Amino acid sequence: MLDLGEDAFGQKLWAAYTGEEVFEIVERDDGYIDAMRIKGYFADYEDWSPIEQKAMDFVKGRVLDIGCGAGRHSLYLQKKGLDVLGIDISPLAIKVCISRGLKKVRVMSIEEINFEQDSFDTILMMGNNFGLFGSFKKAKKLLKRFHEMTSENAIIIASTRDPYKTDNPAHLAYHKLNKKRGRMAGQVRIRSRFKKYVGRWFDYLMVSKEEIEKILEGTGLKIKKFIESKDSNYIAIIEKA
Ligand SMILES: C[S@@+](CC[C@H](N)C(=O)[O-])C[C@H]1O[C@@H](n2cnc3c(N)ncnc32)[C@H](O)[C@@H]1O
């Protein structure tokens, strides 16, 4: 479990929730730094991207929201009367969710997920959270587990970014470095920073549609549909094969 000193993402989220102007600082292991406003994590349905809005049409029944952040999807679905459990590795993200009224929450990492058979009808991985699978091998292993713990007609909704849809020289150089290290091009090693807080390094996996199809092979799952945007973001709707 993360202690609060390592929970840089949660510290940022809590600061933003309590009214501070906060930027999300993400550091990649080649030294590349990215900064963006954190406000999106608190956005209401009306302000989500069209592909996120469309993805909500596929949600049904008992929902597991993995890496729920500030709980924007969970809260939207809970309000609609769905039975939603939001989980996140960050204790402070979960504190934000509770403060915002989310009823069912757990501090839990994706690796720890191991619910009984037929526990959920929908698994949500929004905000590029396909990335939480971390690697090709881990994605396959966890997807097999998700297959076991969901109902017969369950759906997995996972958003990601096609890493190849970029002309940024820094990202293209990183793809090459990754291939040299035997990693997937879009497997970024990153950590979160905020004030004095420094998160743990972790692998975040961005994948093309072809790569998702390969990951799904042998998991008992298949693509139902891709919801595509004009940029590199897209959402995979995954069903049982
Ligand atoms: C990019 S944010 C997305 C938040 C939310 N789904 C949204 O779209 O607003 C990623 C979230 O995943 C959480 N997270 C990171 N690593 C995780 C892990 N191994 N297991 C579960 N959650 C994790 C982070 O704490 C953060 O809240």
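How many helices and strands make up the secondary structure of the protein chain? In this predicted model, the chain comprises 7 helices and 12 strands. The radius of gyration is 17 Å, close to the 18 Å that the globule rule gives for 241 residues, so the chain is as compact as a globular protein of that length. Along the principal axes, the C-alpha atoms occupy a box of roughly 45 × 40 × 35 Å. Of the 241 residues, 54% count as buried. Among contacts between residues at least 6 apart in sequence, 62% join residues at least 24 apart.

Strand β1 (residues 23-28) and strand β2 (residues 33-37) run antiparallel and are joined by 5 bridges. Within this pairing, V26 has D34 in β2 as its bridge partner. The hairpin formed by β1 and β2 has 4 residues between the strands, and G31 adopts a positive phi near 95° there.

Strand β1 also contains R28. With a relative accessible area of 7%, R28 falls under the 20% cut-off and is therefore buried. Beyond residues up to four places away in sequence, R28 is in contact with A170, H171, Y174, V188, R189, I190 and W201.

The second largest pocket holds about 230 Å³ of space. Its lining consists of A43, D44, Y45, E46, W48, R72, L75, Y76, Q78, K79 and R100. Classified by residue type, the lining of this pocket has 5 nonpolar, 5 charged and 1 polar residues.

Note on methods
Residues are numbered from 1 along each chain as its sequence is written. This is a predicted model: local features need pLDDT of at least 70, side-chain atom pairs count only at pLDDT 80 or more; totals for chains, interfaces and linings use all residues. Side-chain values use heavy atoms; hydrogens and water are left out. On a 1 Å grid over the protein atoms alone, a cavity is a set of points where a 1.4 Å probe fits but cannot get out, and a pocket is an open set with protein on both sides within 12 Å along at least five of seven lines; lining residues have an atom within 4 Å of a point. Grid points are joined across faces, edges and corners, and a volume is the space filled by probe spheres set on the points. Ala, Val, Leu, Ile, Met, Phe, Trp, Tyr, Cys and Pro count as nonpolar, Asp, Glu, Lys and Arg as charged, and the others, Gly among them, as polar. Two strands pair if DSSP finds at least two bridges between them. Helices (H or I, at least four residues) and strands (E, at least two) are DSSP runs, numbered from the N terminus. Buried means under 20% relative accessible area, exposed over 50%, partly exposed in between (1.4 Å probe, protein chains only). Contact means heavy atoms within 4.5 Å. The radius of gyration is taken over C-alpha atoms; the globule rule is 2.2 Å times the number of residues to the power 0.38.
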